[in-house]
Amino acid sequence: MLKQQHSSLVIDTLLDGIDGDGEAVAYVYCDFSARNAQSATTVLGSVLRQVVGALEKIPDELQKVFERAKRQADGCGLRLPEILDMLTKFIPRLERGFICIDALDEFPTMHRAQLWGSLQRLVRECPNTRLFLTGRPRLGRKWRTIFPKKLI
Amino acid sequence: MPDEKRQILEWISPFASRERHQAVRDSRAEGVGDWLLRNRNFSTWRTSEDRTVKPVLFCYGHPGAGKTYIR
C-alpha cells in the first residue's frame, strides 16, 4: 500500500509540473486482483491513450487506423506491436514522456517478459522517456539487468 | 475535449487509471514520500535535459515494511 502511495505522490508531482504541451504523464497501477485482465497490451494501451491525450491533436496515422477499424465489423483494437510502434513515434514528439508503473510484482508473471521487453524498447528508441517503476527489491535486481547503466 | 478525440482515446484503451489514482491519493497519509521528492536522484531524473541521464527510476519496498527506498 505504501508503495502505491509513493507512486500516487510522484504522479501528482509530475502532473502538477507539466509545462504546456511538452510533457505527458502516463500511469498504470498493477493490481493482483485484476491479473486476468492485465497484460503488456492493456498496460501499454493505457499508456498510449494517455500519451495521445497529451498531444495537441490526434496524429493522422492513428486517425486512419481508427477509421479503418470503425469500418470493420469486428472493429478489433490495437495489438501490442502497433501500440509500441505508435508510442515510439509519438513520445519523441513530446519534450518528455513520463511513464509510471506501480507494483510490478502484481503484474502477471506470464506476461512479464513481454512488458519488460517493450519498456526496454521504449527507453532505447525514445531517449526522452522517463520510467518510474515500483516493486519489491527482488524485482529491482532483475530490472538492473534489464536496464544496465540506465537505472537509478 | 472534442467527442471524436474522446472516442479515439476510448478505442485505444478503455483503461484510464484516473479512478484508481484518485482513490490512492485520497488515502495518502500526510508527509508520506516527502523524502522521495527531496531526493536528488528524483529531481535529476525529473528535470534533467541531459540525454545521458539515467531514464529509469526504480523505487522498491517490502510489503508492509513501512519504508520505500530508491536505489
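Predicted model: local features only at pLDDT ≥ 70, side-chain atom pairs only at ≥ 80, totals over all residues.
Local features are reported only at pLDDT of at least 70 and side-chain atom pairs only at pLDDT 80 or more, whereas totals for chains, interfaces and linings use all residues. Residues are numbered from 1 along each chain as its sequence is written, and chains are lettered from A in the order in which they are written.

**View 1. Chain B and its elements.** Chain B contains 4 helices and 2 strands, in the order α-α-α-α-β-β along the sequence. Helices (H or I, at least four residues) and strands (E, at least two) are DSSP runs, numbered from the N terminus. Of the 71 residues in chain B, 24% are buried. A residue is termed buried if 20 or more other C-beta atoms lie within 10 Å of its own, exposed if 12 or fewer, and partly exposed in between, with C-beta atoms placed from the backbone.

**View 2. The side of chain B that touches chain A.** Contact is formed between 35 residues of chain B and 43 residues of chain A; two residues are in contact if their C-beta atoms, placed from the backbone, lie within 7 Å. At least two residues each come from α1 (3–12), α2 (18–26), α3 (34–38), α4 (40–47), β1 (56–61) and β2 (68–70) of chain B. The most are given by β1(B), with 6 residues. By type, this side of chain B comprises 19 nonpolar, 9 polar and 7 charged residues. Ala, Val, Leu, Ile, Met, Phe, Trp, Tyr, Cys and Pro count as nonpolar, Asp, Glu, Lys and Arg as charged, and the others, Gly among them, as polar.

**View 3. Strand pairing between the chains.** Strand β3 (residues 129–135) of chain A runs parallel to β1(B), and 5 bridges join the two. Strands are taken to pair if DSSP finds at least two bridges between them. Leu131(A) has Val56(B) of β1(B) as its bridge partner.

**View 4. Packing of α2(A) against α4(A).** Helix α2 (residues 40–54) and helix α4 (residues 80–90) of chain A pack at an angle of about 35°, their axes lying 10 Å apart. Axes are lines fitted to C-alpha atoms, for helices over the stretch in contact, and angles run from 0 to 180 degrees between N-to-C directions. Residues making the contact include Leu44(A), Val47(A), Leu48(A) and Val51(A) of α2(A), and Ile83(A), Leu84(A) and Leu87(A) of α4(A). The contact divides into 12 nonpolar, 2 polar and no charged residues.

**View 5. The largest nonpolar core.** This core has 53 residues, and Val47(A), Leu48(A), Val51(A) and Leu87(A) have the most contacts inside it. A nonpolar core is a set of buried Ala, Val, Leu, Ile, Met, Phe, Trp, Tyr and Cys residues joined through C-beta atoms within 7 Å. Helix α2(A) gives the most to the core, with 8 residues. Leaving aside residues up to four places away in sequence, Val51(A) touches Ala24(A), Ala26(A), Leu87(A), Phe90(A), Ile91(A) and Gly97(A).

**View 6. Individual residues of chain A outside helices and strands.** Phe32(A) lies in the loop between β1 (23–29) and α2 of chain A, and counts as exposed because it has 11 C-beta neighbours inside 10 Å. Phe32(A) and Pro108(A) are 76 residues apart in sequence and 7.6 Å apart in space, C-alpha to C-alpha. Ala103(A), in the loop between β2 (96–102) and α5 (109–125) of chain A, has a positive phi of about 60° although it is not a glycine. Ala103(A) counts as buried because it has 22 C-beta neighbours inside 10 Å.
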